[in-house]
Amino acid sequence: MKIHIPTPLRQYADKHDTVEIPASTVSEALNALIMRHPDLRKHLYTAEGKLRAFVNVYLNDEDVRYLADKEATAVRESDSLSIIPSIAGGCRP
Amino acid sequence: MTTTISEETVSAKTVKKVELSNEEVLRYSRHLIMPEVGMDGQLKLKAAKVLCIGTGGLGSPLAMYLAAAGVGTLGLVDFDVVDFTNLQRQIIHFTSDVGRPKLDSAAEKIKEINPFVEVRKFETRLTSANALEIFKGFDIIVDGTDNFPTRYLVNDACVLTGKPNVYGSIFRFEGQASVFGTKEGPCYRCLYPEPPPPGLVPSCAEGGVLGILPGLVGLIQATEAIKLILGSGDPLVGRLLLVDALGMKFRELKLRKNPECPVCGVNPTVTELIDYNEFCGIRGEETTANMSQSLPEISVEELKKKLDAKEDVFVLDVREPHEYQICNIGGHLIPLGDLPKRVSELDSSRNIVAHCRSGVRSGKAVDFLRQAGFTKVRNLTGGILAWADKVDPKMPKY
């Protein structure tokens, strides 16, 4: 499946904007992603291994938090996963 | 549903009190002849009071278009002064405005675009102490701020006062937009219950931003504000619009109202405004000041003296390669993010002076190197900006 990496996190994923990963569930995909790009781990997960509160993960256009099986939700190859972190810029210096 | 929002946004009673002069009829004729606006819509626009938080990248285009469209009252909150680095995107401010308060500059342009607009200026930082009072006089709040504490403050104040929060945010070439704080819809906290810890998400000042992007996102916000006033179309309530300017892709994600949201949920725990700096883990300037106090520093003058005297000094530049291209003092380039894996390039027996643009990143580098056992490493106070100010006035600043 395809995982979209947002701009602020690309520096921890060898500058990729999307990563193609074979996976059967959301959590499998995320685990494979941080195996491939270990620097992403601390930006996505807390020390206790929980997904950080300011990072949202969407399966297609649905928030994973609101899916019945959450991160255990099964995925297909045509699905895409998006990581949406909070950004603050309105850009005054 | 959209009509409900409109009735809440600008009350029918207020709309009844306004009328258009012949001059205004002529000015707004392209609105008046389209059925989606018409006379009713234009009167709603005139009766509407919109508050713009910030007159920077997002605030510039949206204030200009809202003024041109005939929004009757525009409130502006800003305390900043125009500087040269603003001009690449903050189009309400002109080159001759550098050094002037942004509020004066913005108010002047708005008056010039449309003298029928009443501008209300609030030359202050938006705080928990003044937000509710300022919001009271407005129907819609448009959030064009640049930092997390103010974002959460605007969100909570909108929920507490029951006013829609037209949200926009940008980073480099990506943007987000939504409408929060309506009765049925989610708020910013439903999407992001907590802010990221300071330093984890780079700011625009650190990360840069494509100049046209705030134009794109700011005008999406302006469009949403106008739709809320008119009560027509589908507002971005419960939807997060993602803008990718490089790929020129617009994507949309579903947002849900979180029943457990601390501010707009069923049993809210946030019932008044809180200390948002504390909430976001920021203690003002203190954090960086404390860090630099405990770190060994060297001034640019002292470094220049040592280099001229050919003393053994190893200059380490921890900026990014594209910054090195703008200007450099011949240092060995290792971007801060690469330092852990490239630390072997450094010789701990030599006197190392680390620098970046202003001294913040190199402070982190010095901290890291000291923990890694380097004892002869110092931070260049004020970075390459101080070098340009005090040693080499020909060097460009950025």
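1. The domain assignment of chain B, an automatic or database one, gives domain 1 as residues 2–279 and domain 2 as residues 289–390. The centres of domain 1 of chain B and domain 2 of chain B, taken over C-alpha atoms, are separated by 41 Å.

2. This is a predicted model, in which local features need pLDDT of at least 70 and side-chain atom pairs count only at pLDDT 80 or more, while totals for chains, interfaces and linings use all residues. Residues are numbered from 1 along each chain as its sequence is written, and chains are lettered from A and ligands numbered from 1 in the order in which they are written.

3. Within chain B, the axes of helix H6 (residues 59–69) and helix H12 (residues 213–230) come within 7 Å and cross at roughly 40 degrees; helices here are DSSP runs of H or I with at least four residues, and strands are E runs of at least two. Axes are lines fitted to C-alpha atoms, for helices over the stretch in contact, with angles from 0 to 180 degrees between N-to-C directions. H6(B) and H12(B) are therefore oblique to each other, a class left over once angles under 35 degrees (roughly parallel), over 145 (roughly antiparallel) and 65 to 115 (roughly perpendicular) are set aside.

4. Turning to chain A, 42 residues of chain B are in contact with 23 residues of chain A, contact requiring C-beta atoms, placed from the backbone, to lie within 7 Å. On the side of chain B that touches chain A, E5(B) gives the most, with four residues.

Conventions: Contact = placed C-beta atoms within 7 Å.
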